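Subject: Structure handover

Hello,

Here is the structure I said I would pass on. Please open it before reading the notes below.

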Amino acid sequence: MTEWTILGAGALGSVVAGLLRRQGEAVSLLLSERHRGHLHPCLDLVTLVGRHQLVDTRPLFAEQAGQISCLLVMTKAYQVVAALKGLHRLPTNTPIILLHNGMGVAEQVQALYPHNPLIVGVCSHGAMKEGDWLVRHTGKGETWLGPVNPAAKAYADLARPLAAALGHAKWSEDILGLQHRKLAVNAVINPLTACHDIRNGQLLEPRFAAVLEQLSEEVHQVMVQLGETESLDDFRRRLRKVIELTATNYSSMHQDLAQGRPTEIDHITGYLLAKAATLPVPVCRQLYQEVRRRSPA
Ligand code: KPL
């Protein structure tokens with residue numbers, strides 16, 4: 001049986017670890033230096049129905065990277081490259097799966113580990129960290145994986161155990177399109193909720209109608225520039241559905257800002273601004289600057 005090694009036991013990483021263990025999968029957590037010498041406690045996962053589940057995982061440190069057979073990277077986008085740099089002993093046939101918000105990281109990982117099968121994915125489960133080893137699963141979502149390089153194409157079967165554990169997981173050869181669709185939603189919801197200090201659902205209040213209309217149009221224009229064919233109306237309908245489904249959640253960027261952590265703004269809005277080139281995207285730009293201003297230095 002493949003052991004899943006999770007790098008990044010934040011909210012979502014811990015939920016995925018718990019759901020995989022519940023399905024009988026072997027799971028290890030790749031821990032950072034600050035955990036060395038500490039007792040490795042069980043994770044406490046609060047399930048969707050409010051039940052506590054203790055999750056036991058095997059601790060691993062960077063020098064044990066030679067033991068990793070499948071690496072699921074669930075850190076924040078801005079942590080991925082630094083976290084992977086130290087894994088000198090990672091076998092070249094170990095698939096690396098990147099499951100973070102935002103884009104622009106896979107290219108750097110590919111340069112760092114050119115021989116490893118590289119898979120990227122999008123995951124829309126809701127999760128919230130409530131304490132050091134305490135995490136709450138707040139919403140069921142979809143997970144999509146797809147290949148970045150030819151070596152990854154042989155790993156479509158990884159979606160099967162993930163689907164059994166997470167309720168939904170599929171393989172797509174057009175993962176770039178799915179990443180763009182998720183990026184577009186994040187580029188609207190995340191900076192707006194973070195800057196206005198609101199839950200996702202509050203974006204549907206009339207006071208946000210005008211900004212939502214303009215921002216969704218700007219983001220859609222960049223998506224068209226990137227070759228996506230979804231119409232503006234369809235994008236707005238999809239956006240509205242995500243807002244409704246996650247109405248009571250605080251977005252990940254809201255949680256990051258509220259807790260004084262860096263945000264993924266460079267990999268979400270920053271990525272879009274870079275791709276916008278000469279397109280006018282004033283609201284995107286303003287939100288980018290505002291989130292950067294409020295982020296810790
Ligand atoms: O992915 C999300 C995030 O918070 O990062 C959404 C879909 C906006 C849900 O909160």
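Which residues in α6 meet which residues in α9? Val219, Val222, Met223 and Gln225 in α6 meet Leu272, Lys275 and Ala276 in α9, where contact means heavy atoms within 4.5 Å.

Before the rest, two notes on the source. This is a predicted model, in which local features need pLDDT of at least 70 and side-chain atom pairs count only at pLDDT 80 or more, while totals for chains, interfaces and linings use all residues. Residues are numbered from 1 along each chain as its sequence is written, and side-chain values use heavy atoms, with hydrogens and water left out.

Helices (H or I, at least four residues) and strands (E, at least two) are DSSP runs, numbered from the N terminus.

Helices α6 and α9

Helix α6 (residues 209-225) packs against helix α9 (residues 269-276) at an angle of about 60°, and their axes are 9 Å apart. Axes are lines fitted to C-alpha atoms, for helices over the stretch in contact, and angles run from 0 to 180 degrees between N-to-C directions. The angle makes α6 oblique to α9; under 35 degrees counts as roughly parallel, over 145 as roughly antiparallel, 65 to 115 as roughly perpendicular and the rest as oblique.

Helix α1 covers residues 11-22, and its 12 residues should span 16 Å at 1.5 Å a residue (1.5 Å times one less than the number of residues). The end C-alpha atoms of α1 are 17 Å apart, which agrees. In α1, 9 of the 12 residues are buried (under 20% relative accessible area; exposed is over 50%, partly exposed in between; 1.4 Å probe, protein chains only). Among them are Val16, Leu19 and Leu20, and these three also meet Pro161, Leu162, Ala165 and Leu166 in α4. That contact has 7 nonpolar residues, no polar and no charged. The angle between α1 and α4 (residues 159-166) is about 95°, with the axes 8 Å apart, which makes α1 roughly perpendicular to α4. Just after α1, Gly24 takes a positive phi of about 85°.

Ser28

Ser28 lies in strand β2 (residues 26-30) and is buried, with a relative accessible area of 0%. Glu3 is 25 residues from Ser28 along the chain, yet their C-alpha atoms are separated by 7.1 Å. Leaving aside neighbours within four places in sequence, Ser28 is in contact with Glu3, Trp4, Thr5, Ile6, Arg58 and Leu60.

Regards

How values were computed:
Nonpolar A, V, L, I, M, F, W, Y, C, P; charged D, E, K, R; others polar.
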